[in-house]
Amino acid sequence: MKKSLLLIVALVFVLSACGPRKEFKITGKVVGVDTGMIFLQKMEEGKWVRLDSARLDKGEFSFKGKMDVPEIRYLTLQEENVYLPFFVENARINVEIFPDNIEKSVVTGSPSQDVFKLFTTRLDTITREMKAAVSGYRYAEKANDSARMALQDSLFNIAQEKEKNLIFTFSKAHPSSVVSPYLMMRNSYLFELKDFEDVAAVFDTSLNRSEYMKGLTRRIAILKKVQIGQLAPNFTLNDTTGNPLMLASLKGKVVLIDFWASWCSPCRGENPNVVKTYNLYKDKGFDILGVSLDTDREKWLEAIRADKLTWNHVSDLAGWNNVVGKIYAINSIPANVLLDKNQVIIAKNLRGDDLLKKLEEVLGPAGKPVKKKK
């Protein structure tokens, strides 16, 4: 009887040891740093949230805790500008941090981190292509070589399309990993409603508890409300004089809601095209409402003056937390939404001559301004 009881106890111990862990334990070492503090943090709505801290002992540290689902966490050093992101889940995780070269750092023991590492390995070549294009563009810009700038811009767009395709196919190929909704949301500016719906359809229901999956679901719901053919959500924001301006007050005109910011170089580069279009069509029932994602009022107003943006402008000076940006699912700029006279969305993200062509379709040819008789 005693032998049977001992066998049962031993079996339970073995099964519990081999089963899924109910907590995580992170052990690690900071190479070349013996003393100081290290912090376990997360990013929440653009702000750091400190979860735990530990004192380094000959460079070594450890953290314990529990996770409902795997999520990105950050290890940060007190005296060093070091932020190491990695997926934490209920497992034994080992970390080796190289403060002088954070990319050399090694994380083992987290299955989700292994999936993420597989993705980043495949992305590496594409990332180098994008960096080369950005570097080439800046060099050409300094040399005022417009042809070279156009070439580098094209190369960047090709590489970014590769990145988009990789994220999409990788996410569908790993439907049970929390890494997949994380990648889709971290790069959500690359994807349209159909892309999100396609990946969400293959994701395992076990992901529903993940904040990344919840975010993806919310984005789908928002995007559905601002698709072409939908009535544009109304909003009210203060204009440059501090007075409230309502979108609905512009009903009866074809309106471009233009999302931009003074600090956004591509926005400032596109502004001459928008000014040209406005001057051609402002007397034919076309208007623009600029929505700024600025945080500095003076820089916002100065950019309006410098770029000669003579239409209405509004902002809550909340940057990426701009309330209208959230309503319209804006997470990259420049961006715009074109409304017909009944404020139904008829086009999105029109650039350069594409905006002119669409207005010609809706309002007819711009024609030449009529000269007044003396």
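Which helix supplies the largest share of the lining of the largest pocket? The answer is α6, with six residues. The model is predicted, so to speak of local features a pLDDT of at least 70 is needed, side-chain atom pairs count only at pLDDT 80 or more, and totals for chains, interfaces and linings use all residues. Residues are numbered from 1 along each chain as its sequence is written, and side-chain values use heavy atoms, with hydrogens and water left out.

Back to that pocket: its volume is about 1600 Å³. (On a 1 Å grid over the protein atoms alone, a pocket is an open set of points with protein on both sides within 12 Å along at least five of seven lines, a cavity is a set where a 1.4 Å probe fits but cannot get out, and lining residues have an atom within 4 Å of a point; points are joined across faces, edges and corners, and a volume is the space filled by probe spheres set on them.) Of the 32 lining residues, M43, E45, G46, M185 and R218 are the closest to the centre. At least two lining residues each come from β2 (37-44), β5 (71-77), α4, α6 (211-225) and α9 (323-327); helices here are DSSP runs of H or I with at least four residues, strands are runs of E with at least two, and both are numbered from the N terminus. By class, the lining splits into 13 nonpolar, six polar and 13 charged residues, where Ala, Val, Leu, Ile, Met, Phe, Trp, Tyr, Cys and Pro count as nonpolar, Asp, Glu, Lys and Arg as charged, and the others, Gly among them, as polar.

The second largest pocket comes in at about 1300 Å³. It has 34 lining residues, with F156, N157, Q160, S332 and P334 nearest its centre. Here α3 (146-173) gives the most, seven residues. The lining has 16 nonpolar, nine polar and nine charged residues.

(Axes are lines fitted to C-alpha atoms, for helices over the stretch in contact, with angles from 0 to 180 degrees between N-to-C directions; under 35 degrees is roughly parallel, over 145 roughly antiparallel, 65 to 115 roughly perpendicular and the rest oblique.) S112, V115, F116 and F119 of α2 meet V179, Y182, L183 and R186 of α4, contact meaning heavy atoms within 4.5 Å.

Finally, there is an open sheet of five strands, ordered β13-β12-β11-β14-β15, with mixed pairing; strands pair if DSSP finds at least two bridges between them. The edges are β13 (312-314) and β15. Helix α10 (residues 353-363) packs on this sheet, touching β11, β12 (286-292), β14 and β15. Strands β14 (residues 335-339) and β15 (residues 345-348) run antiparallel and are joined by three bridges. L338 stands opposite A347, and L339 opposite I345. Five residues lie between the strands of this hairpin, where Q343 has a positive phi near 65 degrees.
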